[in-house]
Amino acid sequence: MKPIDLRSDTVTRPTTAMRAAMAQAEVGDDVFGDDPTINRLQETAASMFGMDAGLFFPSGTQSNLAALMAHCQRGEEVIVGQSAHTYKYEGGGAAVLGSIQPQPLTNKPDGTLDLAEVEAAIKPDDSHFAITRLIALENTIGGKVLSRAYMADAIALARRRGLSIHLDGARIFNASVKLGMPVKDLCAGFDSVSVCLSKGLGTPAGTVLVAKAPIIEKAKRARKMLGGTMRQVGIIGAAGLYALEHHIERLADDHANAKRLGSGLERLGLVVDPVQTNMVFAAFPKEVCGPLQEHLAAEGILAFIDPRSRFVTHLDVDSAAIDRFVETVYAFLAKNTKARPAVLTQAG
Ligand SMILES: *Cc1c(COP(=O)(O)O)cnc(C)c1O
């Protein structure tokens, strides 16, 4: 049976058609700006987002870091969520390599930052303080969508206070598909947006940063310094172009499968957060976590089972895979939990 991997949407393998596009890619030395495929990818992405230019990166971490370094000088500050990837999951790169001071604020349960708190965190012009330069948001964040109205308010605040504003849009197309709003409208007003091609879009690697021209110029310097400028990189870029053409609308399938997974677990009596995009968060009793995860692995299902588990849907899981996962969890719980939840009997 085909293995099922629900650990992340980064686990996808390029499809046959994507591999064909990669094999046929025209390439050149991108350090000289000679790679026609990567140039086309950067232009295509920039135009989808209504931005001046795009710049390809090997990873989203490097794209975010280069963007932050483009916005902030040493000793300047970014206001960012405690749960944001740029703050929490990038090895402290902004501080370590960019000498940028993060000012983290607690994300609200819906993933937003309280804009009054953001404004209160902006430092006065006083030599005691770092110079606040940037606000960084993330959409989707933990699978949750930030609305256009919220982002527009954040952009207006940045403008009013003379700050720049960056969006970590690793999964921005999930937000766009969920809201039924093109990314050009959804992201209008940001100075830069980092867009992962290797998450739900299903490429083997790569992120494109789209931004205003002066930011791209600075990010290009940072990319070189960080070792991210590559040569015949159109081979990977071709996968990105293919994904932008063929893998955006289908994100709706991932969202439907995530809902199916969520309601399946709910029927087993588990507490599941409302599902918005391609992530499902569910609570499992602590004592079953280890054994259930092992049982699933033995059945060819890879998933992290924790008291608060995250399951992610993607290109390589279909509704039949979701059903097999839920049935396998059911069978395990029915056999191994003494206090049989009422719902289990109902479901059985
Ligand atoms: C995955 C991800 C990134 C970038 O990750 P890489 O693994 O470096 O490509 C950035 N932000 C968010 C929100 C992500 O999920």
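Two strands count as paired if DSSP finds at least two bridges between them. Keep in mind that this is a predicted model.

**Exercise 1. Find how many bridges join strand 5 to strand 6, and in which direction the two strands run.**

Solution. 
- Step 1: Locate strand 5 at residues 131-138 and strand 6 at residues 164-168.
- Step 2: Count the bridges: there are five, and the strands run parallel. With at least two bridges needed, strands 5 and 6 count as a pair.
- Step 3: Pick out one facing couple: Ile135 stands opposite Ile165 of strand 6.

**Exercise 2. Work out the strand order of the open sheet, and name its edge strands.**

Solution. 
- Step 1: Recall that strands of a sheet pair through backbone hydrogen bonds, either parallel or antiparallel.
- Step 2: Trace the seven strands to get the order 2-8-7-6-5-3-4, with mixed pairing.
- Step 3: Look at the ends, where strand 2 (53-57) and strand 4 (101-105) each pair on one side only.

**Exercise 3. Describe the largest pocket and what lines it.**

Solution. 
- Step 1: Start with the volume, about 720 Å³.
- Step 2: Go to the centre: of the 34 lining residues, Ser83, Tyr89, Glu138, Gly142 and Arg310 are the closest to it.
- Step 3: Sort the lining into nine nonpolar, 15 polar and ten charged residues.
- Step 4: Ask which helix gives the most to the lining. That is helix 3, with three residues.
- Step 5: Check the domains: domain 1 (16-247) and domain 2 (250-335) each supply at least three lining residues.

How values were computed:
Residues are numbered from 1 along each chain as its sequence is written. This is a predicted model: local features need pLDDT of at least 70, side-chain atom pairs count only at pLDDT 80 or more; totals for chains, interfaces and linings use all residues. Side-chain values use heavy atoms; hydrogens and water are left out. Helices (H or I, at least four residues) and strands (E, at least two) are DSSP runs, numbered from the N terminus. On a 1 Å grid over the protein atoms alone, a cavity is a set of points where a 1.4 Å probe fits but cannot get out, and a pocket is an open set with protein on both sides within 12 Å along at least five of seven lines; lining residues have an atom within 4 Å of a point. Grid points are joined across faces, edges and corners, and a volume is the space filled by probe spheres set on the points. Ala, Val, Leu, Ile, Met, Phe, Trp, Tyr, Cys and Pro count as nonpolar, Asp, Glu, Lys and Arg as charged, and the others, Gly among them, as polar. Domain bounds come from an automatic or database domain assignment.
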